[in-house]
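Hello,

Here is the structure I promised to pass on to you. Please open it alongside this email, and then read on for what turned up in it.

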Amino acid sequence: MKETIKANQEENEFLEQLDAQLGGNMSDEAVETLKNKLEEDEYQKITRINNPRLYNFPAQHIELCTPKKVFVCTDSAEDLKYIRETSIRNGEEIEVAPEGHTIHFDAYGDQGRDKAHTNILVTDGIDLGESISTRNRDQGYTEVHEILTGIMKGRELFVRFFCLGPTNSEFSMPCVQITDSAYVAHSEDLLYRQGYEEFIRQGSSARFFKFVHSQGEVDERNVSKNLDKRRIYIDITEDTVYSTNTQYGGNTIGLKKLAMRLAIRRASEEGWLTEHMLVMGIHGPNNRVTYFSGAYPSMCGKTSTAMLEGETIVGDDIAYLRKNDGQVRAVNVEKGMFGIIQGVNEKDDPIQWQALKNPGEIIISNVLYDDNGDFYWTEMGTAIPEKGNNHSGEWFNGKKDGKEKEIPCSHPNARFTLDLNILPNLDPTLDDPKGVVVSGVVYGGRDSDTCVPVEEAFDWVHGIITKGAALESETTAATLGKEGVREFNPMSNLDFLSVPIGRYIQDNLDFGKGLNNPPAIFSVNYFITGKDGQFLNEKNDKKVWFKWMELRVNGEVETIETPTGRIPKYADLAPIFKTVLQHEYTMDEYKEQFTVRIPEHLAKIERITKIYQTQVSDTPKILFETLEAQKQRLLTAKEKYGEYISPDRL
């Protein structure tokens, strides 16, 4: 903590010196540019913020991108309304039923994150490891600025201010966004806390992230045309994200996973964590609420977990975690949800379903809509029209693309964007500047043959290494065309790291030091299968696992110790199943679900050890020691009990 305070003091001194320097020519030139290029009202809006370092950013990119008009949003109701209405007027969004809903289309081929052209820009001498995609900063910077030159000609540029994390908080991370897409600006209104007043509050001391986006030239459907010039670059030297010739939210909503790279690096420098985690309140006996954070790779049940019926959501995607008075506190970086709509149905997802079917401000992307203004998506559980409009243009059942592949009514990555405040299960702590106290950290993945449905680690180090750093998830046929391939994904954060993997693991290990009572660490696995290949979990069994974890972290249930961690007792699970799911949970079900599968665990340890030996150059020594200790426990148990151990024998 003392090191962090010292670092912050040094940072503030640096910023003061920089402000003094910018009081000269650079700041004067920026102010002059803003004065010449902006209408008087817009100029006054931006100069209300007392931060010379801020002025240079919009001034530079107004000169570079040459927009016809500039609008500075102060987050007043009038300004926010203007953003939404402009998106509709420009044809970036289409009004549909119910009231407040709009549909947005991305270009065909622009409906997902562009990993191939997403790179972290690094200077010579910085090596983030082979798992992190990087590019030479000078080359990337030159290329993206060439692409941006004149790219906004004839269009309106929006200057937006946001805050990652609650405002007026130690978690507050101010951000400034430049974009020529009213859709992107509108999406960010739903997803993020407005930050204009936060910039005014922090003034010259604000250390902010910067984002530049242009959708580029658009076609007759108002979608990005030059996808060959789609680039997403994260400049860690200048805390700046560039995104060009794309509209898909994962590439353009810079404050999401792109900002996450910047925040992970800053957190590593300052001694806190930026994690790909949900935050939720689990409701226990006597009106008790216990908070958990949880990391899950894509298609592993993360959003459905955050939206568990009867519990409350703080956030479903990204969290900042800090240590405060010996406790871990977390906040939702966002205030909205950018969720996958495929498979959302009335029975399994009642809260999301009601939001999508009732009036409220929601943007739905890349789904089907008909002449009545009704919209449809794949696996929604109701009949789909034979024709309509979707991301491919005019659509009919059986339509195929240029590669003779059938086009579904909605894209598999179709999304809905909403403000969490429209949900009835929103936790009241969402905007608490202190965050919530985290009692449990959960790691989940898609695993058909190894890990039990829920298990507690022995301690913080054991949990970070065997549950987090060793996280794998199996691919699905729907996502990659090949099922069952295990992908290594430490903490479900591999795609978003901006520091070497070994350093990131060490950051997580160090974070547990000095805590009075570290959060318990758990693994969950909703996808374990039996000998017949059928799932041993029902879709809603996760309600039981979290109710058990809530009791466990509050010291109200005991466990059975296995070579890989601590598992629940049957006597504790059976009444939870009865109360929560009205299910008579049998001993046979328990034995099959919680059998310790030693051969599969040994194979996993071998896989993970090899990855850290061959692909990660700076792996902490304790990782190998912890995995080896687990291997020896498994071998000892194998000698005593055999390869598969029923939990009633332990």
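To get you looking around: in which loop does Met-299 lie? It is the one between β14 and α11 (302-306). Please keep in mind that this is a predicted model.

With a relative accessibility of 38%, Met-299 counts as partly exposed. Asn-287 is another residue other than glycine with a positive phi, in this case near 65°. You will find Asn-287 in the loop between β13 (277-283) and β14 (289-295). Its relative accessibility is 78%, so Asn-287 counts as exposed.

One more backbone detail to look up is the peptide bond that joins Ala-97 and Pro-98: it is cis, with omega about -5°. Pro-98 sits in the loop between β2 (94-95) and β3 (101-104).

Now for the overall picture. The chain has 20 helices and 33 strands. Its C-alpha atoms fill a box of roughly 80 × 65 × 50 Å along the principal axes. A compact globule of 650 residues would have a radius of gyration near 26 Å, and the chain agrees with that at 25 Å. Of the contacts between residues at least 6 apart in sequence, 73% join residues at least 24 apart.

What about inside and outside? Of the 650 residues, 60% count as buried. The chain exposes about 26,700 Å², and carbon and sulfur atoms supply 46% of that area. As for charge, there are 74 positive and 103 negative ones, and their mean positions are 3 Å apart.

In soluble globular proteins, nonpolar side chains tend to be buried together. Here, the largest nonpolar core holds 79 residues, and those touching the most other members are Leu-164, Phe-209, Tyr-320, Tyr-443, Ile-501, Ile-505 and Tyr-612. Helix α10 (residues 257-270) gives this core its largest share, seven residues. There is also a second, separate core of 65 residues, which includes Trp-353, Leu-356, Val-367 and Leu-423.

Leaving aside residues up to four places away in sequence, the residues Phe-209 touches include Leu-164, Met-173, Val-176, Leu-262 and Arg-266.

Enjoy exploring!

Best wishes

Note on methods. Residues numbered from 1 in each chain as written. Predicted model: local features only at pLDDT ≥ 70, side-chain atom pairs only at ≥ 80, totals over all residues. Heavy atoms only, no water. Helix = DSSP H or I, 4+ residues; strand = E, 2+ residues; numbered from the N terminus. Rg over C-alpha atoms; globule rule 2.2 N^0.38 Å. Buried < 20%, exposed > 50% of the residue type's maximum accessible area, 1.4 Å probe, protein only. Contact = heavy atoms within 4.5 Å. Areas by Shrake-Rupley, 256 points an atom, 1.4 Å probe, with all protein chains shown as cover. Lys, Arg positive; Asp, Glu negative; His and termini not counted. Charge placed at Lys NZ, Arg CZ, Asp CG, Glu CD. Core = buried A, V, L, I, M, F, W, Y, C linked by side-chain atoms within 4.5 Å.
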